[in-house]
Amino acid sequence: MFSSILGGTLTIGNFAICLSVALALGFVVAFMHMKTTKSNKNFVTTLFVLPALVTTVILLVNGNLGTSVAVLGAFSLVRFRSIPGNSKEILSVFFAMAIGLAVGVGYIGFAAIFTIAISLIVALLSIFNFGQSTRNTKMLKILIPEDLDYTEVFNDIFNDYVDSSDMVSAKTVNMGSIFELTYRVDLKNNINEKEFIDKLRVRNGNLKISLSHPLTDQEL
């Protein structure tokens, strides 16, 4: 089970087996990613095909040092031309590439067991929301007139609706006549968010306010 099916020479039969297994395991990776995180069609398709592509490259290299260096350069170019993804997407890409490497050197049984094991681990972590914060953390952006002291202007309101707050930035906009304040706030449980925003609106003269989920690692 943990021995390579490849002999000294690559045959059409071995190539067909490796390619079929890589596509099947790629489908598992794509399916797991689709079920455990938000994804788009293009990325899921990439995960499905990636193990087969890596397998083909490894089979073609087949111990040739010169070809290996050329393939490494090609992968480097692709890496620097691609848009960075979130941590879950990076995990899925490495998962797919690891499968392609294992299948490419002929370890079919190992690749299958590895795929099943990692898929089960990812599924369990997703089901039990491992690592998910229980805090209701949001990003709050408020515009205030320049005549207000932004350092303490909302302290009394925050005491009623926020467990903790951290000012991320304060900058001037509109030719310096308005301050834009950005806070990371942990809202108290069961508060009325509309009521919270209404009180902020009264304080800032009904200027623009936005309350949104923070961008952590581009949505982990």
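Trainee: Which helix gives the most to the nonpolar patch?

Mentor: H1, with four residues. This is a predicted model, where local features need pLDDT of at least 70, side-chain atom pairs count only at 80 or more, and totals for chains, interfaces and linings use all residues. Numbering starts from 1 along each chain as its sequence is written, and side-chain values use heavy atoms, leaving out hydrogens and water.

Trainee: What makes the patch, and how is one defined?

Mentor: Leu23, Phe27, Phe31, Met34, Phe48, Val49 and Leu53 make it, at about 590 Å². A nonpolar patch takes Val, Leu, Ile, Met, Phe, Trp or Tyr with over 30% relative accessible area and no salt bridge, side chains joined within 5 Å. A salt bridge means a Lys or Arg side-chain nitrogen within 4 Å of an Asp or Glu carboxyl oxygen.

Trainee: Why is Leu23 called partly exposed?

Mentor: Its relative accessible area is 31%; buried is under 20%, exposed over 50%, and partly exposed in between, with a 1.4 Å probe and protein chains only. So Leu23 falls in the middle class.

Trainee: How do you know that the span of H1 agrees with a helix?

Mentor: The expected span is 1.5 Å times one less than the number of residues. For the 25 residues of H1 (12–36) that gives 36 Å, and the end C-alpha atoms are 36 Å apart, so the two agree.

Trainee: What covers the buried residues of H1?

Mentor: The cover includes helices H2 (41–61), H4 (87–104) and H5 (108–127). Among the buried residues of H1 are Cys18, Leu25 and Val29.

Notes: Helices (H or I, at least four residues) and strands (E, at least two) are DSSP runs, numbered from the N terminus. Contact means heavy atoms within 4.5 Å. Patches are made of residues with over 30% relative accessible area and no salt bridge: like charges are joined within 9 Å, nonpolar side chains (Val, Leu, Ile, Met, Phe, Trp, Tyr) within 5 Å. Accessible areas come from the Shrake-Rupley method with a 1.4 Å probe; for residues, only the protein chains shown count as cover.
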